[in-house]
Amino acid sequence: MPSQQDREARVGRAVTWSILAAMAVAAVGQLEVWPLTAFRLFSEVRTADQTRLELVAERLDGTEEPLLVAETNPVLVTTDRQYPDLVRAEEDERRGMVLAWLDVSGVDPATVGSVRLDRIDRAYDEDTHLWTDRGRTTVVDVDL
Amino acid sequence: MTGLWRRIDQRLVAPGPGFRVAEVQILLAAVIALRLATRDWTLVAERPAALRDGLTVLSWYTGIPAPWALVVAQVVGLGCALLVLAQVRPHLAFVGLWVAYTSLTALWGSSGKVMHNDVLTVLVAAVFLFASGPPRSGWSEVRVRYGWPPRAALAVLALAYFVSGAQKLVHSGPEWVFGDTMVWVLRLGLSAHLSGGVEPVGQDLAHVVAEHGWMAVSLAGGALLLELTAPVWLAIRRTRIPFVAAVTLMHGSIWLFIGLDYSAWPLTVAAVAVPMALAPDRALWRRPAAVSAAGAPRR
């Protein structure tokens with residue numbers, strides 16, 4: 001007949017090892033099922049070779065405007081991590097994402113003919129401590 | 001090896017005083033309440049459904065929450081936190097608090113980037129979903145059910161920090177310390193505020209560190225060493241307070257140099273490690289009748 005303390009110990013073991021095992025599986029499997037995470041914080045090597053992605057609205061009047069995705073909203077700012085998804089997305093999904101980015105950037109879609117995603121090579125100036133754009137390549141162009 | 005595991009297991013499920021589990025639960029509730037109270041959660045409602053991304057516990061919900069619903073979750077969470085602090089139905093209130101906090105942070109972080117700011121708090125607090133605190137009359141009672149939850153929380157902390165360090169070695173190797181990685185982390189972080197990040201307070205100091213390779217290597221080496229040795233620091237009672245100080249310094253320097261707010265991490269570490277740094281018979285803020293956790297008879 002197990003005592004009350006033995007039963008409590010069994011619960012403690014089950015909870016503790018289950019949580020630790022789940023964390024270990026996420027870490028080893030590089031899984032991101034939040035809040036289970038692989039805890040990859042700054043884990044990649046960084047070098048001087050840096051690129052960034054930028055969405056550019058091409059207006060019907062021939063002008064261009066880089067989209068500044070709601071810079072004051074921290075929930076929206078990180079959506080720029082989804083720019084690479086545009087390359088793989090189906091046409092409808094791609095259009096939906098671009099319209100959403102135009103919306104949160106305060107740009108009227110009716111004035112825009114297309115939105116392109118540019119990859120920009122950057123270089124760091126050690127004197128000015130600033131990054132400067134060296135050249136850009138269009139990765140994908142989405143007609144509206 | 002079997003002996004080592006047996007010793008770890010015996011330490012994990014050794015009896016502990018009721019006040020300790022209550023203290024850690026209360027401190028974690030205070031940390032979560034602070035996180036809930038200091039953010040405008042209605043910003044989540046401004047994100048179009050097309051830009052929601054990432055796999056979370058809340059991915060089953062695909063809608064856009066109304067601002068009022070987000071405020072309700074925040075208020076319910078804060079109400080639950082008050083109940084935990086007052087130790088009124090603390091277990092049920094803690095579950096409510098955890099659900100509100102985890103839901104809001106899961107929604108907040110579903111924007112393409114894996115957000116780690118709150119993940120440690122969520123995981124450590126998850127232990128207390130299965131832990132019951134003592135009744136008011138049992139504050140100084142010593143039982144297994146009060147012993148394992150704070151130790152499980154320490155184990156979660158230790159594993160999280162260890163994995164963070166191990167991933168750096170797995171993905172970058174020693175170059176993470178001895179190469180220029182920290183230099184470029186600083187330089188990229190310093191420019192992040194220009195594209196929406198928070199402007200770092202210690203920009204000038206960060207430039208100095210980035211310009212002096214040995215400083216950047218020392219910073220990277222210290223951080224990696226701290227993360228990899230976290231299980232040792234947390235296993236020994238006397239090194240738990242120094243660990244709190246060390247992680248506060250590490251996360252504080254990240255905020256100072258590149259503006260990233262990881263304050264929930266040292267606060268969570270403190271919530272668990274400070275009470276667990278005390279002698280087993282010494283309460284953090286209420287001195288009960290003398291108890292001997294180590295030698296207490298099992299009941």
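Modeller: A residue is called buried if 20 or more other C-beta atoms lie within 10 Å of its own, and exposed if 12 or fewer do. The model before us is predicted. By that rule, buried residues make up 28% of the 144 residues in chain A.

Biologist: What share of the 299 residues of chain B counts as buried?

Modeller: For chain B, 46% of the 299 residues count as buried.

Biologist: What percentage of the contacts in chain A with a separation of 6 or more comes from residues 24 or more positions apart?

Modeller: In chain A, 54% of those contacts come from residues 24 or more positions apart. In chain B, such residues account for 76% of the contacts with a separation of 6 or more.

Biologist: Which secondary structure elements does chain A contain, and in what order do they run?

Modeller: Chain A comes to four helices and four strands. Read from the N terminus, the order is α-β-β-α-α-α-β-β. Chain B, by contrast, comes to 13 helices and two strands.

Biologist: How are the strands of chain A arranged in the sheet?

Modeller: Strands of a sheet pair through backbone hydrogen bonds, in either a parallel or an antiparallel sense. In chain A, four strands form an open sheet in the order β2-β1-β3-β4, and the pairing is antiparallel. The edges are held by β2 (64-66) and β4 (130-143) of chain A; each has a single partner strand, so one side of each is left without a neighbour in the sheet. From one strand to the next, the twist averages 30°.

Biologist: How many bridges join β1(A) to β3(A)?

Modeller: Ten bridges join β1(A) to β3 (residues 112-125) of chain A, and these strands run antiparallel. Within this pair, Gln50(A) stands opposite Arg122(A) of β3(A). Strand β1 (residues 50-59) of chain A also pairs with β2(A), in the antiparallel sense and over three bridges. There, Val56(A) stands opposite Pro66(A) of β2(A). β1(A) and β2(A) form a hairpin with four residues between them, and Gly62(A) in the turn has a positive phi of about 95°.

Biologist: Which backbone features deserve a check in the loop between α1 and β1 of chain A?

Modeller: Most residues other than glycine have a negative phi, and most peptide bonds are trans. In this loop lies Gln30(A), which has a positive phi of about 55° although it is not a glycine. Phe42(A) has its place in the loop between α1 and β1 of chain A, and its phi is near 55°, a positive value in a residue other than glycine. Pro35(A) is also placed in the loop between α1 and β1 of chain A; a cis peptide bond joins Trp34(A) to Pro35(A), with omega about 15°.

Biologist: Are Gln30(A) and Phe42(A) buried or exposed?

Modeller: Gln30(A) counts as exposed because it has 12 C-beta neighbours inside 10 Å. Phe42(A) has 21 C-beta neighbours inside 10 Å and therefore counts as buried.

Biologist: Where do chain A and chain B meet, and which residues take part?

Modeller: In this model, 47 residues of chain A are in contact with 59 residues of chain B. On the side of chain A that touches chain B, α1 (4-29), α2 (74-77) and α4 (91-104) of chain A each supply at least two residues. The largest share of that side, twelve residues, comes from α1(A). The residues of that side divide into 25 nonpolar, 13 polar and nine charged.

Biologist: How many residues has the largest nonpolar core?

Modeller: In soluble globular proteins, nonpolar side chains tend to be buried together. The largest nonpolar core here has 116 residues, and those with the most contacts inside it are Leu97(B) and Val156(B). Helix α6 (residues 144-172) of chain B provides the largest share of this core, 14 residues. Leaving aside residues up to four places away in sequence, Val156(B) touches Ile19(A), Leu20(A), Leu123(B), Val124(B) and Val127(B).

How values were computed
Residues are numbered from 1 along each chain as its sequence is written. Chains are lettered from A and ligands numbered from 1 in the order in which they are written. This is a predicted model: local features need pLDDT of at least 70, side-chain atom pairs count only at pLDDT 80 or more; totals for chains, interfaces and linings use all residues. Two strands pair if DSSP finds at least two bridges between them. Axes are lines fitted to C-alpha atoms, for helices over the stretch in contact, and angles run from 0 to 180 degrees between N-to-C directions. Two residues are in contact if their C-beta atoms, placed from the backbone, lie within 7 Å. Ala, Val, Leu, Ile, Met, Phe, Trp, Tyr, Cys and Pro count as nonpolar, Asp, Glu, Lys and Arg as charged, and the others, Gly among them, as polar. A nonpolar core is a set of buried Ala, Val, Leu, Ile, Met, Phe, Trp, Tyr and Cys residues joined through C-beta atoms within 7 Å.
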